[in-house]
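Here are a few friendly notes to read alongside the model. Take them one at a time, with the structure open.

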Amino acid sequence: MLLSVLCTDASLLIVEGAIDGKFDCGYLVSVKIGAEVLRGVLYHPDSSAPTSRVHQYENGIVPFNNNKPSSCVRRRKNKRRWDPNYPMANRSGYNFFFAEKHYKLKELYPNREREFTKMIGQSWNSLSSEKRMVYQNIGLKDKERYKRELKEYKEKMVQAGHP
Ligand SMILES: *[C@@H]1O[C@H](CO)[C@@H](O)[C@H](O)[C@H]1NC(C)=O
């Protein structure tokens with residue numbers, strides 16, 4: 001299926017991708033960008049949404065590694081470390097907030113994508129502490145997921161003889 005990927009510089013890429021799994025707040029996806037396969041999250045705010053609705057959330061994909069603000073393609077310089085089985089890195093509450101807001105903004109203002117990053121940053125700063133807590137809890141849950149998956153991954157590596 002074709003997925004659109006939201007880069008950290010707020011540009012969008014249309015890529016070939018697949019859904020790998022489901023987690024509390026969305027779907028885990030792999031996307032092909034050139035010769036690389038990136039894993040990311042397709043976030044939806046309603047965790048009870050049935051899988052058949054997944055297409056509605058295509059624009060919510062965020063690259064899992066949001067550390068570098070430049071491009072989501074050039075971001076991964078160290079190819080040696082890339083392993084498709086490596087767990088997706090934990091994302092912060094803000095990452096989840098960003099994905100949700102970006103999806104909604106794109107529906108409202110499809111031609112103003114360049115402004116979204118700033119707009120989202122501003123709404124995050126003016127968020128009530130209760131609401132911010134909601135997203136930070138999602139971030140904490142994601143950290144637990146990452147820890148759990150990393151442990152399983154390492155155990156598998158040891159079993160396979162590649163510690
Ligand atoms: C992921 O977890 C590590 C360790 O707790 C933390 O330092 C890092 O900031 C987290 N990453 C994000 C994007 O929140």
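1. Let's begin at the end of a helix: which residue just after H3 takes a positive phi? Gly161 does, with a phi of about 80°. Keep in mind as you look that this is a predicted model.

2. Now step back to the whole chain. Following the sequence, their order is β-β-β-β-β-α-α-α. Among the 163 residues, 24% count as buried. Of the contacts with a separation of 6 or more, 54% come from residues 24 or more positions apart.

3. Next, find the largest nonpolar core. Its eight residues are Phe96, Phe97, Phe98, Ala99, Tyr103, Ile120, Tyr135 and Ile138.

4. H3 has 31 residues, so at 1.5 Å a residue it should span 45 Å. Its end C-alpha atoms are 44 Å apart, which agrees with that expectation.

5. Finally, turn to the ligand. Which residues surround the ligand? They are Asn90, Arg91, Ser92, Asn95, Gly139 and Lys143. Sorted by class, this shell has four polar and two charged residues, and no nonpolar ones.

Conventions. Residues are numbered from 1 along each chain as its sequence is written. This is a predicted model: local features need pLDDT of at least 70, side-chain atom pairs count only at pLDDT 80 or more; totals for chains, interfaces and linings use all residues. A nonpolar core is a set of buried Ala, Val, Leu, Ile, Met, Phe, Trp, Tyr and Cys residues joined through C-beta atoms within 7 Å. A residue is buried if 20 or more other C-beta atoms lie within 10 Å of its own, exposed if 12 or fewer, and partly exposed in between; C-beta atoms are placed from the backbone. A residue is near a molecule or strand if its C-beta atom, placed from the backbone, lies within 6 Å of it. Ala, Val, Leu, Ile, Met, Phe, Trp, Tyr, Cys and Pro count as nonpolar, Asp, Glu, Lys and Arg as charged, and the others, Gly among them, as polar. Helices (H or I, at least four residues) and strands (E, at least two) are DSSP runs, numbered from the N terminus. The expected span of a helix is 1.5 Å times one less than its number of residues. Two residues are in contact if their C-beta atoms, placed from the backbone, lie within 7 Å.
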